[in-house]
Amino acid sequence: MQRALILAAGVAHASFAAASVSGPVINSNFPDPGLLITGSGTYAYGTNGNGYNIQVASSSDGGNTWSVHAQDALPNVGSWAVGNNGLTWAPDVIDRGDGTFVMYYAAESPSQGTHCVGAATSTNPLGPFSPQAQPIDCNTSGGGAIDPSGFQDTDGTRYVAYKVDGNNLGGGGSCGNGDGSHSTPIMLQQLQGDGVTPIGSPIQILDRGQYDGPLIEAPKIIYRDGLAHGQQTDDGIEISPSYALFFSSNCYNTDLYDVSYATASSVKGPYTKAAAPLLVTGNDGLTAPGGMTPSPDGSWAVFHATTNSNPLTRPMYTAKLSWNGNVATAA
């Protein structure tokens, strides 16, 4: 089925509690936000900006209001990478549960000539995070590895999902791959309990399709118990545990950029893409929404949208998410 683009004009409201989409809640360039919710506060992490490798913000009221901190959450990237060059992207932070927080990020590797996915640790969610000496993966032949995010399954197994940056190999167009010659798959890499050491080889769980344009990227997996995902029975649909994989489609600097999602009954897939994107240009007055990170329970999320094209400015917004079985809505 074609994944239709549903455009619904609207006006963003000021109160997170009163509307599906709110913001910008961070009214400065804060793209690709990652979200961390702890007992002591809520934190967001943004792609490089304001002279920092990784930006960090916090909220003391559950995501209604935010303060951006004048500090670099990742002052130094791994020794395999080059930092402070505007190319440290898409951070995500998880709580390891032992007093340590793990940050996943993408940075440029001079030796590989591509981006790689790395990890860093801290005992404070604000940082500073100390980088691991080696990257988790580079996938150089595929164009590089970017947009990492962490996930822990119900059995305790840890993973990091990321995008193979195939459009980096060329193919024309503003984001590359305009001729559709390269894959941009979402990969899933199992990790040891430390959240930084790979186990085995990554597996592919999703790739772009006919209606995704040149790429898919910015993966984030959550687990939602009881989504409608199973066999048809005499009594209706059998309810089984389900996973939702959020991602963005199309080129980030065009109005076609969106927030999409897919669902599966296993973290390893197969994933079925939703019939329509979750957010597109026009929803709630947004332009090019993308880079969404939902809360672990899928009730709300942070994401960016474009407010200025030159210089490219993508502040952070929040959205309440509603679920009807395995169908999500945000606007």
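A polar contact of 2.9 Å joins the side chains of Asp165 and Lys163. This value, like the others below, comes from a predicted model.

- The relative accessible area of Asp165 is 8%, and buried means under 20%, so Asp165 counts as buried.
- Leaving aside residues up to four places away in sequence, Asp165 touches Gly142, Gly143, Gly144 and Ile146.

**Disulfide Cys116–Cys138**

- The structure has two disulfides.
- One of them joins Cys116 to Cys138, with an S to S distance of 2.1 Å.
- Cys116 belongs to strand 8 (residues 114–122), while Cys138 is in the loop between strand 9 (130–131) and strand 10 (145–152).
- The two cysteines are 22 residues apart, and their pair links distant parts of the chain.
- The angle about the S-S bond of Cys116 and Cys138 is 105 degrees, and the link is right-handed.
- Cys116 has 0% relative accessibility and counts as buried.
- Cys138 is also buried, at 12% relative accessibility.

**Disulfide Cys175–Cys251**

- A disulfide also joins Cys175 to Cys251, with an S to S distance of 2.0 Å.
- Cys175 and Cys251 are both buried.
- When the bonded cysteines of the chain are numbered in sequence order, the pairing reads 1-2, 3-4.

**Aromatic rings**

- Across the whole structure, a search finds eight aromatic pairs.
- In one of these, Tyr223 and Tyr243 have ring centres 5.1 Å apart and ring planes at 65 degrees; planes over 60 degrees apart count as edge-to-face, so this pair is edge-to-face.
- Tyr223 is in strand 14 (residues 216–224) and Tyr243 in strand 17 (residues 242–249).
- These two tyrosines are 20 residues apart, and their pair links distant parts of the chain.
- Tyr223 is partly exposed, with a relative accessible area of 23%.
- Tyr243, by contrast, has a relative accessibility of 6% and counts as buried.
- Tyr223 and Tyr243 form one aromatic cluster together with Phe151.

**Strand 24 and its partners**

- Strand 24 covers residues 316–320 and is mostly covered, with four of its five residues buried.
- Strand 1 (residues 21–26) pairs with strand 24 in the antiparallel sense, over three bridges.
- Within that pairing, Val21 has Ala319 of strand 24 as its bridge partner.
- Strand 21 (residues 300–304) also runs antiparallel to strand 24, and five bridges join them.
- Here Val302 has Thr318 of strand 24 as its bridge partner.
- As a general point, side chains in a regular strand alternate between the two faces of the sheet.

Terms used: Residues numbered from 1 in each chain as written. Predicted model: local features only at pLDDT ≥ 70, side-chain atom pairs only at ≥ 80, totals over all residues. Heavy atoms only, no water. Buried < 20%, exposed > 50% of the residue type's maximum accessible area, 1.4 Å probe, protein only. Polar contact = N/O pair within 3.5 Å; in protein donor to acceptor, adjacent residues only side chain to side chain. Contact = heavy atoms within 4.5 Å. Phe/Tyr/Trp six-rings, centres within 6.5 Å; stacked < 30°, edge-to-face > 60°. Disulfide = S-S within 2.5 Å. Pairing = 2+ DSSP bridges.
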